Amino acid sequence: MPTLSSFSHQLRRVLPLLAVAGLGLAGTPPTPPAAHTFGLSADNFMLDGKPFQMISGELHYPRIPREAWRSRLKMAKAMGLNTVGTYVFWNAHEPQPGKYDFTGNHDVAAFVKMAQEEGLWVVLRPSPYVCAEWEFGGYPYWLQNVPGLKVRSQEPQYVAAYRRYIQAVGKQLAPLQVNHGGPVLMVQVENEYGSYGSDKEYLALNKKLFEEAGFDGLLYTCDPARDVAAGHLDGLLPAVNGTDKPSQIRQLVRANHGGKGPYYVAEWYPAWFDWWGAPHHTVPASKYTPGLDSVLKAGMSINMYMFHGGSTRGFMNGANYKGDSSHYEPQVSSYDYDAPLDEAGNATPKFMAFREVIAKYRPAGQPLPPVPAARPSAALPTLQLTNAASLLSRLPTPVASATPLTFEALKQAYGFVLYRTTVPGGGPKTLKLNDLRDYAVVLVNGQRVGTLDRRLRQDQLKLTLPAGPVQLDILVENMGRINFGEYLLQNTKGITKSVQLDGKELKDWRMYGLPFDQAPAVAKAAAAAPASAEPVLRSATFTVAQPVDTYLDLRAWGKGSVWVNGHNLGRYWAIGPQQTLYVPAEWLKKGTNEITVLELLKPRQTALPFLNHSILSELQPAASSL
């Protein structure tokens with residue numbers, strides 16, 4: 001018979017196991033995770049009272065399939081990182097006013113907890129503005145529907161929306177700060193604000209809103225070297241972006257932080273992003289290893305942007321804009337970034353070179369874990385997408401208006417809008433779209449007669465119209481809202497002003513919203529080939545014996561988007577530099593899979609090959625009428 005003392009001994013052994021499992025006895029709450037202290041000394045970050053050097057890499061949870069988060073975090077550990085950084089994306093979490101989404105690929109709290117499980121600390125960047133080559137810099141489109149609202153300002157309507165959002169974020173993430181037992185070491189207030197403005201009262205308001213939302217740990221600001229003075233807030237640590245020169249970092253931080261450190265490079269760029277019609281950006285690792293070595297040797301902390309870019313799925317890419325239409329630069333769907341970890345999550349030569357540098361600064365007795373093997377990839381058999389439907393045959397109920405309505409006025413965030421009216425035919429005429437945003441396919445009686453491209457400052461088209469009344473269709477694609485700079489308040493989409501035919505303004509429009517927030521359905525039976533010049537939806541099923549990574553080879557196609565098993569893989573466009581779309585193994589099924597393609601320019605194209613690798617052209621693509 002067990003004695004009382006032996007029972008007590010057994011109980012002492014079992015209780016910790018119950019706590020780890022999240023269980024207690026008779027409703028007793030589990031033991032909370034141990035809280036840590038994280039603060040600043042004159043030269044170092046201090047974790048639990050000891051100097052701590054952050055060696056961090058940026059990766060973004062929405063750009064990685066949730067099923068692959070853990071493998072990417074393990075790769076971060078394998079390169080020698082002890083911390084990861086991520087933005088938090090307002091438009092992903094509040095797509096419509098008051099409707100919040102922290103589920104699935106948007107479950108940022110689960111991502112942060114997983115990082116902790118993998119032995120990584122986290123730097124959190126939940127500013128409502130993120131830039132990040134992300135649609136509208138992270139802002140939800142609907143902010144533009146509030147008259148007078150001004151982002152990145154003290155304007156009351158913006159502040160009210162900001163407060164509601166950051167309160168929702170705080171409920172998810174404030175409990176995960178390091179002082180509450182979580183992995184979040186620091187939280188960033190605003191984002192490179194010095195590149196946009198210098199209103200210190202606005203920055204102080206940001207700090208107050210963060211604190212009200214429960215962020216009671218270490219807050220900091222970050223700005224490019226030339227903008228630190230404008231963007232920092234007294235009392236917060238000023239981080240520096242875009243430099244790996246220790247002397248410059250020390251000077252900038254000390255000048256804005258009471259003559260002391262610590263020193264943190266919040267964005268160190270080992271490469272760059274891509275936009276349509278420009279070459280793929282690559283930078284050899286040898287150009288950056290000396291800078292990485294110099295920062296780490298100086299005992300400074302660093303966050304490489306990006307460690308792993310992943311993919312900007314759906315329609316969430318942003319755009320740069322430099323003051324006139326010829327400088328509108330929408331970004332591609334691949335966020336490969338020429339980063340140490342490629343789009344599929346595999347180690348690159350840059351990964352290995354950086355790992356070698358980082359290994360020199362690891363604490364004694366902490367060898368780097370082995371580098372996981374590359375993910376399996378394969379070129380699946382070529383598909384024939386013979387099931388087809390004309391896009392014009394699949395239109396929803398229209399909205400009528402005397403003048404064209406923007407996406408925002410239609411309460412549509414992304415995708416396409418078809419604008420339709422009837423015009424008198426007969427002979428040559430000139431069609432002019434005033435302030436097109438961003439790409440238009442023009443059709444007369446259902447047949448494509450031309451395209452207009454904001455990037456190329458195209459706003460008018462010569463038409464030869466048949467006699468009699470003519471149906472004029474203008475299919476407009478939102479190619480991505482501006483994500484950086486002074487033009488954030490000029491981000492409405494669609495036909496934003498007026499349409500003229502031979503100088504006369506056209507009226508009486510019907511607008512058909514095509515947001516494609518879900519994969520479009522196409523009849524399973526093969527259909528007759530569509531007319532030679534109209535946008536088309538094509539689909540097929542294919543069988544996979546064992547899911548592995550693969551890539552769609554879209555070099556023979558024109559322009560459009562692709563869905564696989566309901567997942568929007570992103571955009572393709574013959575002008576490059578992106579020529580393939582990455583299909584992660586996690587989004588394929590063993591057995592039957594479905595694919596749908598929206599093709600705007602080559603409706604008779606049916607063959608869709610696969611590759612076992614990506615193609616990102618490093619050469620300037622030739623001029624194209626596409």
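## Strand β30 and its partners

G560 stands opposite Y572, a residue of strand β31. That strand covers residues 567-573 and pairs with β30 in the antiparallel sense over 6 bridges. Two strands count as paired if DSSP finds at least two bridges between them. Strands here are DSSP runs (E, at least two residues), helices are runs of H or I with at least four residues, and both are numbered from the N terminus. The hairpin of β30 and β31 has 2 residues between the strands, and N565 takes a positive phi near 50° there.

β30 also pairs with β33 (residues 591-599), again in the antiparallel sense, this time over 5 bridges. In β33, L598 is the bridge partner of S561. Buried means under 20% relative accessible area, exposed means over 50%, and partly exposed is in between (1.4 Å probe, protein chains only). Both faces of β30 are covered: K559, S561 and W563 are buried on one side, and G560, V562 and V564 on the other.

## Where the model comes from

This is a predicted model: local features need pLDDT of at least 70, side-chain atom pairs count only at pLDDT 80 or more, and totals for chains, interfaces and linings use all residues. Residues are numbered from 1 along each chain as its sequence is written, and side-chain values use heavy atoms, with hydrogens and water left out.

## An open sheet

Now for a sheet: 6 strands form an open one in the order β16-β27-β17-β23-β20-β21, with antiparallel pairing. At the edges stand β16 (399-401) and β21 (447-453), each with a single partner strand, so one side of each is left without a neighbour in the sheet. On average, neighbouring strands of this sheet are turned by 25° against each other, direction ignored. Those angles use axes that are lines fitted to C-alpha atoms (for helices over the stretch in contact), and they run from 0 to 180 degrees between N-to-C directions.

## The nonpolar cores

A nonpolar core is a set of buried Ala, Val, Leu, Ile, Met, Phe, Trp, Tyr and Cys residues joined through side-chain atoms within 4.5 Å. The largest one has 150 residues, and L173, M186 and F215 touch the most other members. Helix α5 (residues 156-173) gives the most to this core, with 9 residues. Apart from it lies another core of 25 residues, including V442, L472, I474 and W509.

What does M186 touch, leaving aside its neighbours within four places in sequence? Its contacts (heavy atoms within 4.5 Å) include F38, F45, M54, L218 and Y264.

## Helix α8

In helix α8 (residues 246-256), the buried residues are P246, I249, L252, V253 and N256. Seen down the axis of α8, they fall within an arc of 135°, so they line one face of the helix. That arc is the one of the directions from the helix axis to the C-beta atoms. The face turned away from the buried side carries the exposed residues S247 and A255. The buried residues of α8 pack against α7 (228-231), β9 (237-241), β10 (264-268) and α9 (289-297).
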